[in-house]
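These are my notes from going through the model one element at a time. I kept to strands, helices and their contacts.

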2 protein chains.
Amino acid sequence: MKQETEGRRVVVIGAGFAGLQLIKELKGAGCEITLIDQRNHHLFQPLLYQVATTLLATSDVAWPIRRLFARRKDVTTLLATVTGVDKETRQVLLQDGGRVPYDILVIATGARHAYFGHDEWAEHAPGLKTLEDATTIRRRLLLAFERAEMSRDPAERAAYLTFAVIGAGPTGVELVGIIAELAHRVLPEEFRQIDTRDARILLIEAGPRILGAFSPELSAYAAEALEEKGGVEVLTGKPVTDISAEGIRLGEDFIATRTVIWAAGVQASPAAEWLGAEADRAGRVMVTPELTVPDQPEIFVLGDTAHVECEGQMVPGVAPAAKQQGNYAARVIRARLTGRKLPGPFRFRSMGNLATIGRNAAVIEYGKLRMRGWPAWWAWGIAHIYFLIGTRSRLAVALSWVWSFMTGQNSARLITQGEKPRVR
Amino acid sequence: MKQETEGRRVVVIGAGFAGLQLIKELKGAGCEITLIDQRNHHLFQPLLYQVATTLLATSDVAWPIRRLFARRKDVTTLLATVTGVDKETRQVLLQDGGRVPYDILVIATGARHAYFGHDEWAEHAPGLKTLEDATTIRRRLLLAFERAEMSRDPAERAAYLTFAVIGAGPTGVELVGIIAELAHRVLPEEFRQIDTRDARILLIEAGPRILGAFSPELSAYAAEALEEKGGVEVLTGKPVTDISAEGIRLGEDFIATRTVIWAAGVQASPAAEWLGAEADRAGRVMVTPELTVPDQPEIFVLGDTAHVECEGQMVPGVAPAAKQQGNYAARVIRARLTGRKLPGPFRFRSMGNLATIGRNAAVIEYGKLRMRGWPAWWAWGIAHIYFLIGTRSRLAVALSWVWSFMTGQNSARLITQGEKPRVR
C-alpha cells in the first residue's frame with residue numbers, strides 16, 4: 001500500500017477556484033490528496049458583492065469544502081491555518097504544530113485587499129474578500145442609513161448619507177451600482193426623517209477611467225449609465241491620499257463620509273514568504289511557464305497567488321484564469337506520474353471581461369464582441385447562475401434575483417455580527 | 001394637526017410577535033406610532049434552531065422591520081437601544097441621549113436565556129435567542145467536528161464528539177434532533193479520521209421528563225424516538241451543577257464535552273427595572289388582566305416580558321400568546337381612543353404545543369387532539385411555512401426543507417463570525 005502512493009502525495013493549500021479545479025481534474029489519477037484551507041467553505045467571490053449589498057444570503061455563495069469531495073476517498077480535507085513550508089523535508093507547517101508531508105505541493109491561497117502601505121485605512125475602509133468582509137460592509141451600509149435617520153445634525157446626516165467606493169474595477173462598479181439601487185429603489189419609502197435618494201454615492205478611481213480593463217467605449221458607457229441612471233458620482237484621476245473616521249481626502253479635497261469601501265488594491269497571500277521565492281510588487285510568486293517555482297518543480301503556485309505571464313501579458317486575477325491554471329497543473333501532474341509527454345507552457349484563454357452596472361445593465365467584452373445594457377445583464381446573470389455549484393444554489397440565487405427584480409425588495413437586509421458579539 | 005394626535009402617541013418597544021401584531025391591529029386607528037428596537041430585523045424565533053443547526057440561512061428567518069411598515073405612514077421605526085422610562089414626563093430614554101415622548105407605552109422586549117445565577121456558564125454554553133447566537137452555535141457545532149478530525153488524542157477527540165444540550169423543552173428537543181441528523185446523516189461520508197456517527201449527543205433535563213408541557217404519553221414517545229431513531233441519550237432528573245471549558249458536571253458525574261448549548265432558563269428583559277414595577281422570579285412584569293402595569297394604565301407589557309395569568313394559569317412564553325396579547329392591547333387602545341366599551345380581561349386561547357424531534361417525526365397536542373410521527377411533522381412544517389412573513393421567505397424555507405429532505409444535505413453549513421472578526 002505504501003509504495004503505491006509514493007510520490008503521489010499531493011497537498012493543495014487553498015480551496016478557491018484554482019485548487020478545486022485541480023482536485024477535480026486529478027480524479028482517478030491515483031493521488032493521495034490533502035486539501036488545506038483556513039475556512040470550511042469555498043467562496044464564489046464573483047457574487048460576494050451581492051452579499052455585501054443585501055441581495056444574496058451568505059450561504060448562497062459558499063459551500064462546505066468537505067461536501068464537495070465527500071465521495072472522493074482520495075481527498076482528505078483539513079480545516080487548518082498554514083504557517084510555512086519546509087522545502088527540505090517537504091512538509092507543510094500548520095499553526096497547531098502539525099506537519100503535512102507532500103511530494104507535490106500546490107499553493108493557491110488567493111489574495112487579500114491591500115492599502116498601498118496605509119494599513120491604518122483598513123479600519124475605516126473594509127475590503128471585500130471573505131464572507132465576514134461582506135457582512136461587515138452590509139452592516140455598515142445599513143447602519144449608515146439608520147444613523148442618518150436618527151441624526152439631528154445636518155452635517156452629520158449628510159456624512160452618513162455619503163458612500164464612497166475606492167477603486168473602479170468590476171467590484172467597485174458593481175458595488176456602487178447596488179448601493180445606488182438601495183438608496184433609490186429599495187429604501188426610500190421606509191424612512192421618515194431622511195430621503196434616502198439624497199444619498200451621495202461616489203465611485204473614486206485614481207486612473208483616468210473606470211473599468212480600465214475594458215475598451216474605452218464600454219468604460220464610457222458604464223460611467224454614463226452609473227451617473228445618469230444610477231445617480232452615482234464618478235470621480236476619475238483622483239488618488240485617495242487619506243482615509244479617516246471622518247472621511248476621505250483626495251489631494252486638496254476632503255469629502256465627509258462615514259462609509260468607505262475599499263475595492264482598489266490586492267496583495268497576494270504570503271506564499272512567497274513561505275517559499276523564500278521571488279515575488280512581484282503585489283506579493284505574487286514569479287512562476288515558470290509550467291506554473292512551478294523556479295528550481296522547485298514539485299511546487300506549483302496558482303491563481304491570484306501567482307504572477308503568470310502569457311504572451312508577454314500578465315494573466316489577470318479572475319476566476320476563469322484560476323480554473324485554467326488548476327486544469328493545467330493537474331495535466332502536468334498526471335503527465336509526470338504516468339511518464340507521458342508534458343503539456344507545453346501554460347496558455348491563458350481569456351473568457352472576456354464582464355461587470356454589472358446596477359439593475360438591468362452590464363458590459364461584456366469577449367474578443368471583438370461587445371455587449372452592453374440589458375442583454376449583457378441577462379447574459380451576465382445566466383453565466384453566473386451556470387457557474388454556481390449545485391442545483392440548490394442555482395435555485396436559491398435565481399429566487400433572490402427574480403424576487404428582487406419583480407418586487408424591488410432585497411432579501412438579506414440584516415445587520416448582524418456587531419462590533420462586539422455578546423456571546424463568544 | 002397637533003390636536004389630532006394628542007393622546008395618540010403610541011411608543012412600542014420591541015419588534016417581536018407581540019409588538020408587530022399590536023401595530024398591525026392599530027392600522028387606521030389614527031395613532032402616531034413609534035417602534036423602537038435595538039436590531040433592524042424581526043426574528044422568527046420558532047425556526048431559529050434551524051439556523052443554529054445549518055438547515056436555514058439567517059435571512060430566511062429575519063425581516064427588516066422598516067420594510068414591514070414601509071407603507072404605514074403612521075409608523076416610524078427607530079433602531080435604538082432603550083435604557084429606561086421616565087414615567088413622570090412620559091418619555092422613553094435612549095442610549096444616545098434621545099427621548100421619545102409617549103401617551104401610551106407598549107413594552108414587548110422579550111427575554112434572554114438565564115443561567116440561574118451562574119453567568120459564568122454563558123461563555124461555555126451559549127443560548128439561542130438572536131441571529132448572532134444562532135451563528136455562534138452553528139460555528140461551535142461545526143468546529144467541534146473539525147477539531148475532532150484534527151485531534152490525535154482519543155480523549156480529546158471523544159470530548160469534541162460529545163454534544164450536550166441543557167434543557168428539554170421544545171427548543172432543546174429540536175436542537176438535539178438536528179444535531180443527531182448532522183452526525184448520522186449529513187456528515188459521515190465527509191470525514192476521514194473520525195466516524196461522525198460515534199458522536200455522543202446528550203439531552204439533559206433537570207425535571208422528570210422531556211417536553212414537560214406535553215402529556216406524559218407524547219413526552220415518552222418523543223424520548224423513545226430520540227433515543228431509538230436518533231441516537232440521542234436522554235438524561236432526565238439531572239440538574240447541571242457546573243459547566244466549564246472541559247465539560248459539564250451533573251452532581252457526581254462529569255461529562256467531558258466541548259460543545260454545550262443552553263436551552264434551559266430564560267430571564268425577561270429589564271422592563272421591570274425601567275418601570276420600577278413588581279416582577280416574578282424570571283423578571284417578568286406582573287400585569288393587570290388588562291395587560292397594563294398596576295396604576296399605570298397607559299403602560300402595557302406584553303409577551304415574554306409580562307407575567308400574565310389566565311384562569312389561574314400562567315400564559316406560556318410562546319408566539320401565539322404574544323400575538324394574542326398584541327391583538328388584545330390594540331383592542332383596548334382603540335376602545336379607549338374612541339370611548340367605546342373596553343374588552344373584558346385578556347384570555348389566552350391555547351394553540352396547542354408542538355415540537356419536532358428530528359427528521360420525519362414531531363409531536364402535536366391541541367386540546368384532546370394528539371398527533372405524532374410523520375403526520376405531525378408535516379403538519380408542523382406546513383404551519384410554520386404559513387406563519388412566516390411574505391412569499392419570498394416561504395419559498396426560500398420550503399426550498400431548504402425540500403432540498404434537505406430529498407438530498408440529505410443542509411444548505412447553511414458555514415463557519416463564520418470568528419471570535420475576533422478581522423476587520424471591524
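Which residue in β9(A) is the bridge partner of A:V12? I looked it up: the partner is A:V106. I note here that I am working with a predicted model.

**Strand β9, chain A.** I listed the pairings of β9(A) next. Strand β1 (residues 9-13) of chain A runs parallel to β9(A), and four bridges join the two. Strand β21 (residues 296-301) of chain A is also parallel to β9(A), with three bridges between them. In that pairing I found A:L105 opposite A:I299.

The unreviewed UniProt entry assigns residues 9-326 of chain A to "domain: FAD/NAD(P)-binding". I computed 28% helix and 28% strand for this span, and its end C-alpha atoms lie 17 Å apart.

**Helices α11 and α12, chain A.** How do the axes of α11 (residues 373-387) and α12 (residues 391-407) of chain A cross, and within what distance do they come? I get a crossing angle of roughly 155° and an approach within 9 Å. Angles over 145 degrees count as roughly antiparallel, and α11(A) and α12(A) are therefore roughly antiparallel to each other. For the contacts, I noted that the α11(A) side includes A:W377, A:W378, A:W380 and A:H384, and that these belong to a set meeting residues of α12(A), among them A:R394, A:W401 and A:F405.

**Helix α10, chain B.** I tested the length of α10 (residues 319-338) of chain B. At 1.5 Å a residue its 20 residues should span 28 Å, and the end C-alpha atoms are 29 Å apart, which agrees. The buried residues of α10(B) include B:A322, B:Y328, B:V332 and B:I333. I traced what the buried residues pack against: α2 (17-25), β9 (104-107) and β21 (296-301) of chain B. After the helix comes B:G339, with a positive phi near 75°.

**Sheet β6-β7-β8, chain B.** I found three strands in an open, antiparallel sheet in the order β6-β7-β8. β6 (82-86) and β8 (99-101) of chain B are at the edges with a single partner strand each, so one side of each has no neighbour in the sheet. The twist averages 20° from one strand to the next. Three bridges join β7 (residues 91-94) of chain B to β8(B), and B:V92 has B:V100 as its bridge partner there.

How values were computed: Residues are numbered from 1 along each chain as its sequence is written. Chains are lettered from A and ligands numbered from 1 in the order in which they are written. This is a predicted model: local features need pLDDT of at least 70, side-chain atom pairs count only at pLDDT 80 or more; totals for chains, interfaces and linings use all residues. Side-chain values use heavy atoms; hydrogens and water are left out. UniProt positions are given in the numbering used here, feature names are shortened, and annotations may be inferred rather than shown by experiment. The expected span of a helix is 1.5 Å times one less than its number of residues. Buried means under 20% relative accessible area, exposed over 50%, partly exposed in between (1.4 Å probe, protein chains only). Contact means heavy atoms within 4.5 Å. Two strands pair if DSSP finds at least two bridges between them. Axes are lines fitted to C-alpha atoms, for helices over the stretch in contact, and angles run from 0 to 180 degrees between N-to-C directions. Angles under 35 degrees count as roughly parallel, over 145 as roughly antiparallel, 65 to 115 as roughly perpendicular and the rest as oblique.
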